[in-house]
Every structure is written in C-alpha cells, then in structure tokens.
Amino acid sequence: MPELRQNMATKEWVIIATERAERPDGFVQSEALSITGDQPTFDPTCPFCPGNEELDLEIECWPERDVWQTRVVHNKFPALSKDDPLTRKFDGVHRWISGAGHHEIVVDHPKHNTTWALMAPNEIHAVLEMFQRRGWSIREDERVEQIIYFKNHGHRAGASLKHTHSQIIALPIVPTNIRQRLEEARRYFDDYGQNVFRVMVENELGLGERILVESKHFVAFVLYAAPAPFHTWIIPRQQSISFLYAQPEELADLAEVLVNVLRRLYFGLRDPSYNLIIRSAPVKEISNDYYQWYITIVPRLSYAAGFELGSGMFINPTLPEGCADFLRKVKI
Ligand SMILES: [Zn+2]
C-alpha cells in the first residue's frame, strides 16, 4: 500500500509509492554512460585544469599557486555581484533588492577526472577547510545574510563543467526555504523543549535500519521521509547551528564520512548525478538551541514533474529502508 511520510524537522510530506516500487538496484546507471574515473586526467580546454588557470578570476589557492590542491575563483558569470551596493525598493506592490552578494567556485582538485567519491579523505578535508575559510571571509561583508555551500555532480544535477568543483553563494536575504526550516525547528523546541534534529538522530540510531555511516562526530542516514531514492542527511552529533563553527577534528571526521557515503553511491549506482548542500543557519545568528547545521545529498535519479510543482510534495518509488540496506552492502 502507498504511504505518506512526514519529515519531522521540515514538516514536509512525501508519498512512498510502494505499489510502483522499484528495487534500489533498478537505479544503477547505464553501462553506456562514461563514469568520472574513466575520463582523461587532463583536458587542454578545461579552465580548471592546472596550466589553464584564469588568473584574473582567482581569489585563493591552497597550499600555494604552483602546487595548489584546491583553488577558489570568482564565477565568470556570477548570479550575484560582489561590487554592487545593497539597495532596496518597494513601490507598494513589488519588492526589489539589488543583486549584491558573492558567487565563488571552489575547484576541488587539480585532476580533471576525479570527484569526491574518488578523492582521499585528506583532499576532501582541504575542500571543507576552504569552504570554512571562504565562509568566514564572506561573513565579514555586512550585506550578507545567508551563505549556501553546494556541489552539483553530473549533468542531471546541473553541473556544466566536468572538472570537480563546488560553489559558494552568499545572499543579501534569508530564503523562504531556510526560514521555514528555522521556524519549524523553533516550533518543535517550544512544544517539546528538544532540538528536533537531535531527536531525529537518536531515533535513527535506535532503529538502525536507515543508517549508512556512524562516526565519532557524525551520523549519515537515508531519510525516513526521503523525497527521492537514496536522499541522505549527514548530521553532526554535537549541536551547532552553523558549519562555520565546525571544529578542525569534526571537519577531518566529516571528510571520512563523506568519502564513505559518496563511494557507496559511486560504486553502488555507477556514478549517479547528485547535489550536495551544506545547510547552515543565517550568518548573523550566533547560537541557539533549536537549529542544527547538516548536509543533504540528493542523487538525481528521477525528474520532478507536474505533481511535484503542484503540491511541493515528492513521490518516491523506493522504500528508504531498502535504499539504505542496498548502500550498506556496497563494497567500497
Ligand atoms: Zn579540468
């Protein structure tokens, strides 16, 4: 029988359509598609490959220019402008704010044919440290209210360049999607005196059936109310509202957990496209007891269509417990 499940943190409902149930292995990508590791290690036309760097766009390299491991550049076609002043207009009907903000690209690795699933944990750690360094630097900008860190892997996830990279966008507002999450977490805390994310993690650890990885500092699991097959959250064990406050040993541990989860997707499903998002509180929030930063990984194995647009709900044709079981069995 089909069922509706609610995400206790976001209050979003999904339909788990077991009637049209697809087995998790039905999502293994076609042998006909070339996977990241099979591409050439260097592409002479790629702006992210060493030797082709566009130096005028460069913001920062680590460790240094000639031997960089990760590199941050301005997006050539930024969604927001770092130089525009923040101005607001309201004509009584429409609201308008100038497109002030930041749009940076993190080139994750010098090699053209790698991705997080194939990188070493210390290499991903370097990317996470770069995110944090850039986050603290961008936070100095008084115009910025929210920073979104994300990665699009594969063309179905919206990646236009194959060379592994991530993005940081800093906004002059707090988007509705984030405000709703904060409000729901606040409401839960007011009702029950507990942090909803902590309750969720304790419940998942108790049940164990959707857990992918447990480490000293993080828990990774397929969501109970997963909107799509293999939709995964990674939540810190230590309560904290922002990725900016993650401690050095937490970042090192997180790199190990990310490699573990992403290798399961890469080898289990043959390098599927996915989006990875770090969800943090607005940058000017210092601390609270009710929110929690976390990471979402969304493999792009099905397309949203009219029903999703019409309802804001998703239909997931797999059982989350089955997806977790499938990924746990993948040999990495
Ligand atoms: Zn490249």
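How many C-beta neighbours inside 10 Å does lysine 11 have, and is it buried, exposed or partly exposed? Lysine 11 has 15 C-beta neighbours inside 10 Å, so it counts as partly exposed; a residue is buried with 20 or more other C-beta atoms within 10 Å of its own, exposed with 12 or fewer and partly exposed in between, the C-beta atoms being placed from the backbone. This is a predicted model, in which local features need pLDDT of at least 70 and side-chain atom pairs count only at pLDDT 80 or more, while totals for chains, interfaces and linings use all residues. Residues are numbered from 1 along each chain as its sequence is written. Helices (H or I, at least four residues) and strands (E, at least two) are DSSP runs, numbered from the N terminus.

**Sheet of 10 strands**

- An open sheet of 10 strands has the order E3-E4-E7-E9-E8-E13-E14-E12-E11-E10, with antiparallel pairing; two strands pair if DSSP finds at least two bridges between them.
- Strand E3 (58-62) and strand E10 (211-214) are the edge strands, each pairing on one side only.
- On average, neighbouring strands of this sheet are turned by 15 degrees against each other, direction ignored; axes are lines fitted to C-alpha atoms, for helices over the stretch in contact, and angles run from 0 to 180 degrees between N-to-C directions.
- Six bridges link E7 and E9 in the antiparallel sense, and histidine 102 has alanine 170 in E9 as its bridge partner.
- E8 and E9 run antiparallel and are joined by five bridges; glutamine 146 is bridged to leucine 171 in E9.
- Five of the seven residues of E9 are buried, so the strand is mostly covered.
- Three bridges pair strand E12 (residues 232-236) with strand E14 (residues 294-299) in the antiparallel sense, and threonine 232 stands opposite isoleucine 297 in E14.

**Sheet of three strands**

- A further open sheet has three strands in the order E1-E2-E15, and its pairing is mixed.
- Its edge strands, each pairing on one side only, are strand E1 (3-6) and strand E15 (314-316).
- Neighbouring strands in this sheet are turned by 35 degrees against each other on average, direction ignored.
- E1 pairs with strand E2 (residues 13-16) in the antiparallel sense over four bridges; leucine 4 has isoleucine 15 in E2 as its bridge partner.

- Helix H1 (residues 121-139) has 19 residues, which at 1.5 Å a residue should span 27 Å, and its end C-alpha atoms are 27 Å apart, in agreement; the expected span is 1.5 Å times one less than the number of residues.
- The buried residues of H1 include Ile124, Leu128, Phe131 and Ile138.
- Among the elements covering the buried residues of H1 are E3, strand E4 (70-74), strand E9 (165-171) and helix H4 (248-269).
- The 17 residues of helix H2 (residues 176-192) should span 24 Å at 1.5 Å a residue, which agrees with the 24 Å between its end C-alpha atoms.
- Arg181, Ala185 and Tyr188 are the buried residues of H2; they cover an arc of only 60 degrees around the axis and therefore lie on the same side of H2, the arc being that of the directions from the helix axis to the C-beta atoms.
- These buried residues pack against helix H3 (196-207), whereas the face of H2 turned away from them carries the exposed residues Thr176, Glu183, Asp190 and Asp191.

**Nonpolar core**

- The largest nonpolar core has 75 residues, and Leu258 and Val261 have the most contacts inside it; such a core is a set of buried Ala, Val, Leu, Ile, Met, Phe, Trp, Tyr and Cys residues joined through C-beta atoms within 7 Å.
- H4 gives the most to this core, with 10 residues.
- Leaving aside neighbours within four places in sequence, leucine 258 is in contact (C-beta atoms, placed from the backbone, within 7 Å) with Trp116 and Ile124.

**Loops and backbone geometry**

- Most residues other than glycine have a negative phi, and most peptide bonds are trans.
- Lysine 11, in the loop between E1 and E2, has a positive phi of about 70 degrees although it is not a glycine.
- Aspartate 271 lies in the loop between H4 and strand E13 (274-279); its phi is positive, near 55 degrees, and with 22 C-beta neighbours inside 10 Å it counts as buried.
- Tryptophan 62 and proline 63 are joined by a cis peptide bond with omega of about -5 degrees, and proline 63 is in the loop between E3 and E4.
- Proline 110, in the loop between E7 and H1, is buried, with 20 other C-beta atoms within 10 Å.
- Proline 110 and proline 50 are 60 residues apart in sequence and 6.1 Å apart in space, C-alpha to C-alpha.

How values were computed. Contact = placed C-beta atoms within 7 Å.
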